[in-house]
Each structure stands twice: as structure tokens, then as C-alpha cells.
Amino acid sequence: MQSRVKNAGRYWRARGVLVSSVFAACLLAAAHAGAAGVDDSTASDASQSAGFSTVLEAWLGFPGLAQSSAPYTYLRATRTADKVEAKRQDLIRELDDLRWRLQGRGYGTFVQAVDQWKSKLATSGVFREPGDWSPAWLMAHPHRNPPISHVAAIGACDVPNWVEVWSGQGVIRTPWHTGMTLSQLTKNDVIDLDGISIVSVVAPTGEVQRLGQAAFNYSDSELLPGSRVVLPLPLGGEAFAWIRDTIAQLLAHAPAGENCKEMRFADMGASQ
């Protein structure tokens, strides 16, 4: 665990070189195969499924593929939205109940934080499948290349310049910098671990890790741009851990980036 965390920065830098090379290869293959491209202005139109049988084939026709970065590409499955929406509604009901109890006990700051959580959750309208669905990964794992019939859309986002923290202070975005770690966020007072034993960290790909304070003190964890860190309220009760984990699960289904563009597959009967 420690060696994997310590080598995270080197891994992603090396992977970035590999992904760029694979993207270039994909574009060359698309040119030779005559795959139809789509310009940026129509990337979100639900009209691009014709002629594609797998996700990798669809990526070959995706606009701006060479400028995409693997952790910020995503896939929306046809059955994901309903499942995630049901979980979001369960969480909203729990937060409504929690807000009432916090207000009754005079926790005004936490009431404001819960209101920010609810507002942020309500703005998320695109639900992806967590994981790496980039062309590079699919080329390396051809047996995991989904058929288009199971997919609602593929998309890519610009690399963000922030890390987002969900805590008793609300939802705060802090500027990302190279080598940023969880321990730095505590030292800079971006997160307060007083009364907190475990936090959930959502990577840009949607991978969720639950880390205790030992991870901060001994192995630490490097954060990529677009990472989300979720802390429970520093109060006793099992509900707070459930809320932390559920927020993290919902964020895992939200693309981590800016100015996202999609290629949708209208004839698959799924759109958002």
C-alpha cells in the first residue's frame, strides 16, 4: 500500500506519456479506417451511434481525442442513471432529516454545510460508470470493451485545476498543485480532522478509497486534479459514516473535470 501511494505521481506521469502515444495511434487508425468524426459543436448531440459496435470504435470518432486525458474521459451506461438517482434521493431524504436534527440542537454551521451538500448534489445531472474507459485502457483490455448497446454516451472533460473537499465547512474547492497530498490539506487548514477518523477520497476515475489518519501520517496519498475528499460531520453516530460513504459513491459517478463534451447514442434509448 505504501509503495503504491508513494509511486502514484511517477505512475500517472509515465501513464500520461503512454496514453498520449495510444491516442495518436487511435487517431491514425481512425483516419485509415474512415471513421466519421464529430466537431466540438455537435459533440453532445444524440446522433452518433451509427456504424459503431464497441466503445473503442466510438472513441475513434470522438472530437478532440488527442487532447483528452485518461482520468477525465468517461462512459455512461444505459442503466446507470436510474440506480444512481435512486441513491441520490435516499441521501437527500437522510440529509433533510439530519438538517432538522442539527438545527434543533443549535449546530448552525453544520446546517449550512448540509445545505451546500444538497445544493451541490442537486446540480449533478450526468452519471458515469466509475473506472478507466479511455481508448488506451480498452486497447490494453480488449475483453472489457463494452458493446454500444450497453452504452448511453462517452465523454471527455478538460483537466480541472482544483481539489474538492466536502466537510462540516460545506463544499470547498482549493487550487491543485503538483505533489498535493492529503496531509498538506490538513496542514493548510483546508480540512480539519478533529473528531474524524476516516475520510473517503474519490479519484478522477471514480475509484473510492477510505483512509484513516495513519495514511496521512505514514504513507500519505497524492491527489490528482479533480479529486474529491469527503469527511463526515465530527459527531457521533453511524449515520454520519453512511452519509460520507454515500456522498463519495455519488461523486464517483460524477465526471471529474470542466467543460465536458459527450458523444451520445440516441438509438440506444438512453439520454440525460
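Tutor: Partly exposed means a relative accessible area between two cut-offs: under 20% is buried, over 50% is exposed. Keep in mind that this is a predicted model.

Student: Why does Tyr 107 count as partly exposed?

Tutor: Its relative accessibility is 33%. That value falls between 20% and 50%, so Tyr 107 is partly exposed.

Student: What makes Phe 110 buried?

Tutor: Phe 110 has a relative accessible area of 16%. Buried means under 20%, so Phe 110 is buried.

Student: Why is the aromatic pair of Tyr 107 and Phe 110 called stacked?

Tutor: Take the distance, then the angle. Ring centres must lie within 6.5 Å, and these are 5.7 Å apart. Planes under 30 degrees apart count as stacked. Here the angle is 25°, so the pair of Tyr 107 and Phe 110 is stacked. The structure holds three aromatic pairs.

Student: What makes S4 and S6 edge strands of the sheet?

Tutor: Read the order: S4-S3-S7-S5-S6, five strands in an open sheet with mixed pairing. Strand S4 (170-175) and strand S6 (208-212) each have a single partner strand, so one side of each lacks a neighbour in the sheet. On average, neighbouring strands are turned by 20° against each other, direction ignored.

Student: How do you know that S3 and S4 pair?

Tutor: Pairing takes at least two bridges. Strand S3 (residues 162-167) and S4 share six bridges, in the antiparallel sense, so they pair. Val 165 stands opposite Ile 172 in S4.

Student: Which strands does helix H5 touch?

Tutor: Helix H5 (residues 108-123) packs on the sheet and touches S3 and S4. Its direction makes about 75° with that of S4.

Terms used: Residues numbered from 1 in each chain as written. Predicted model: local features only at pLDDT ≥ 70, side-chain atom pairs only at ≥ 80, totals over all residues. Heavy atoms only, no water. Helix = DSSP H or I, 4+ residues; strand = E, 2+ residues; numbered from the N terminus. Axes fitted to C-alpha atoms, helices over the stretch in contact; angles between N-to-C directions. Contact = heavy atoms within 4.5 Å. Phe/Tyr/Trp six-rings, centres within 6.5 Å; stacked < 30°, edge-to-face > 60°. Buried < 20%, exposed > 50% of the residue type's maximum accessible area, 1.4 Å probe, protein only.
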